[in-house]
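Subject: Structure for your files, with notes

Dear colleague,

Here is the structure that I promised to hand over, and my notes on it follow below. Please read them with the structure open beside you.

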Number of protein chains: 2
Amino acid sequence: MTELTEIKKQDLLYQGKAKEMYTTNDPDILWVHYMDQVTALNGKKKVQMKDKGKTNCAISARLFTELREQGIVSHFIEQLSPTDQLVQKVQIIPLETVVRNYASGSFVKRYQTEYLQKFDQPVIEFFYKSDELDDPFLNDDDALALGAATREQMAQIRQLALKANQHLRQIFAKMNVLLVDFKLEFGLTAAGDVILADELSPDNCRLVDLDTKQSLDKDVFRKGLGEMVPVYEEILQRLLKEGER
Amino acid sequence: MTELTEIKKQDLLYQGKAKEMYTTNDPDILWVHYMDQVTALNGKKKVQMKDKGKTNCAISARLFTELREQGIVSHFIEQLSPTDQLVQKVQIIPLETVVRNYASGSFVKRYQTEYLQKFDQPVIEFFYKSDELDDPFLNDDDALALGAATREQMAQIRQLALKANQHLRQIFAKMNVLLVDFKLEFGLTAAGDVILADELSPDNCRLVDLDTKQSLDKDVFRKGLGEMVPVYEEILQRLLKEGER
Ligand SMILES: Nc1ncnc2c1ncn2[C@@H]1O[C@H](COP(=O)(O)OP(=O)(O)O)[C@@H](O)[C@H]1O
Ligand SMILES: Nc1ncnc2c1ncn2[C@@H]1O[C@H](COP(=O)(O)OP(=O)(O)O)[C@@H](O)[C@H]1O
Ligand SMILES: [Mg+2]
Ligand SMILES: [Mg+2]
């Protein structure tokens with residue numbers, strides 16, 4: 001393995017909607033650049049926003065670090081600059097894993113339940129990661145038929161997602177924030193282990209202030225509720241304050 | 001329990017899209033009348049068709065009888081007339097259970113796979129039985145959150161659906177017909193057992209002639225491929241011929 005101090009950014013591997021992924025001189029390590037861009041509706045709505053990248057980069061680094069302390073392994077290696085990180089390269093399992101504690105978003109749309117209705121147990125849903133197909137909802141049999149994941153991998157993903165949920169709920173609760181739902185991505189390491197990848201930020205979480213019930217996440221952008229970056233910065237500030245205690 | 005010969009039709013309990021369900025003088029028994037009506041798109045497309053009711057009534061009676069001989073309990077009690085049956089009253093579990101052997105219908109639409117692509121393992125999908133919501137797709141966690149079924153009931157449904165699939169595939173194969181997919185409904189008896197209910201007919205199955213690859217099911221109506229009832233009668237004739245051997 002290359003010494004971390006000797007890692008150099010190389011080619012753009014993937015230009016995503018929120019991040020750029022670069023190869024490095026170590027084949028097992030990627031260089032992630034968080035962009036000042038936000039999209040919704042699978043990229044159909046796209047806006048540039050100053051300081052969005054560095055805010056998400058910092059929140060993600062912090063949450064991955066907290067989860068690591070709880071024994072949940074992720075791809076996160078270290079922060080390089082306000083907008084750049086080194087991560088372990090994985091083969092992304094093409095399932096977007098959504099964990100829901102309260103009804104919101106597509107759940108409410110599909111089943112016409114009440115917004116923020118509490119679930120007795122967290123609800124996990126998989127969506128097939130495919131921009132062309134618009135990330136369709138699927139079940140375990142579908143995922144198997146499509147070759148997206150094995151039953152064992154889905155069982156591991158569920159276990160890790162539920163464990164992450166427990167800790168994230170607590171972290172946000174201390175910040176006076178309700179963790180309504182969030183989306184995770186998992187990947188396979190060269191050794192075949194399933195680990196947490198991608199990012200953990202208000203782009204992929206639904207967060208609601210416990211007192212005001214206001215959204216503190218990308219719904220601010222999706223629903224045009226006001227300035228988004230100050231809301232993300234508020235989440236980062238509460239996280240940092242919580243960390244100081 | 002009332003003697004079957006003394007069962008009398010009473011009030012219309014439920015006017016469905018394909019059948020009318022009547023109460024009888026036995027609280028545990030319903031009187032089903034198969035109507036000469038076919039609908040698609042959740043009732044938005046609706047047509048009257050002579051002899052459709054009796055054809056489906058006969059096919060359904062036959063298939064439930066064959067499944068019973070294989071140990072799969074259903075609500076079917078007996079045929080009363082060409083269009084009428086007695087069935088055991090159950091509390092319908094609001095999950096439409098779809099078993100897929102080959103890709104078709106909404107699976108192909110959602111995941112853009114090839115029509116009639118074979119699955120290594122049968123794929124089971126649940127849809128939430130709700131006309132208002134347009135029968136949305138759901139997974140086990142959703143079904144639990146919505147109170148549609150318990151985990152144990154879903155496990156039993158899967159087991160029964162797979163067993164029914166094995167036998168139905170064989171029955172249709174002998175008739176030179178491919179069982180592409182089909183929809184089942186299950187219900188709870190007063191004793192709390194999960195049994196097969198509703199109907200088993202070309203209204204709820206995708207059937208394809210093994211040689212011509214033509215649809216022998218409701219897709220003829222959905223896609224406007226020609227006269228539907230003669231196709232259903234063809235299925236009934238092949239079933240009866242198979243039974244004679
Ligand atoms: N550790 C990793 N190794 C390889 N790919 C990753 C890793 N973490 C995230 N990715 C992938 O890189 C992309 C990140 O960029 P993003 O802008 O979020 O993309 P997208 O537009 O697909 O959401 C995603 O497709 C994600 O699946
Ligand atoms: N054994 C049974 N006991 C009670 N209800 C039943 C039984 N079998 C079927 N049903 C219900 O009766 C209705 C049958 O009529 P149908 O025309 O198929 O209705 P739908 O328009 O809801 O599909 C369905 O709603 C079905 O769930
Ligand atoms: Mg992304
Ligand atoms: Mg029906």
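Predicted model: local features only at pLDDT ≥ 70, side-chain atom pairs only at ≥ 80, totals over all residues.

Residues are numbered from 1 along each chain as its sequence is written, chains are lettered from A and ligands numbered from 1 in the order in which they are written, and side-chain values use heavy atoms, with hydrogens and water left out.

Turning to ligand 1, 17 residues surround it, the closest being A:K17, A:A18, A:K19, A:H75 and A:E185, where a residue counts as near if one of its heavy atoms lies within 4 Å. By class, this shell has eight nonpolar, three polar and six charged residues; Ala, Val, Leu, Ile, Met, Phe, Trp, Tyr, Cys and Pro count as nonpolar, Asp, Glu, Lys and Arg as charged, and the others, Gly among them, as polar. Strands β2 (19–24) and β7 (84–88) of chain A each supply at least two residues of the shell, strands being DSSP runs (E, at least two residues) numbered from the N terminus. An oxygen atom of ligand 1 is 2.7 Å from an N or O atom in the side chain of A:K19, and a nitrogen atom of the ligand is 2.8 Å from a polar backbone atom of A:Q88. Taken alone, ligand 1 exposes 540 Å², of which the protein buries 91%; accessible areas come from the Shrake-Rupley method with a 1.4 Å probe, and for residues only the protein chains shown count as cover.

Oxygen atoms of ligand 2 lie 3.0 Å from an N or O atom in the side chain of B:Y14 and 2.5 Å from one in the side chain of B:E185. Taken alone, ligand 2 exposes 550 Å², and the protein buries 91% of that.

Two further residues deserve a look. A:K183, in strand β12 (residues 177–188) of chain A, is buried, with a relative accessible area of 15%, where buried means under 20%, exposed over 50% and partly exposed in between (1.4 Å probe, protein chains only). The side chain of A:K183 makes a polar contact with that of A:E185 at 2.8 Å; such a contact is a pair of N or O atoms within 3.5 Å, and within protein one must be able to donate a hydrogen and the other to accept it, with residues adjacent in sequence counting only if both atoms are side-chain atoms. B:L86, in strand β7 of chain B, also counts as buried, at 0% relative accessibility.

Terms used:
Helix = DSSP H or I, 4+ residues; strand = E, 2+ residues; numbered from the N terminus.
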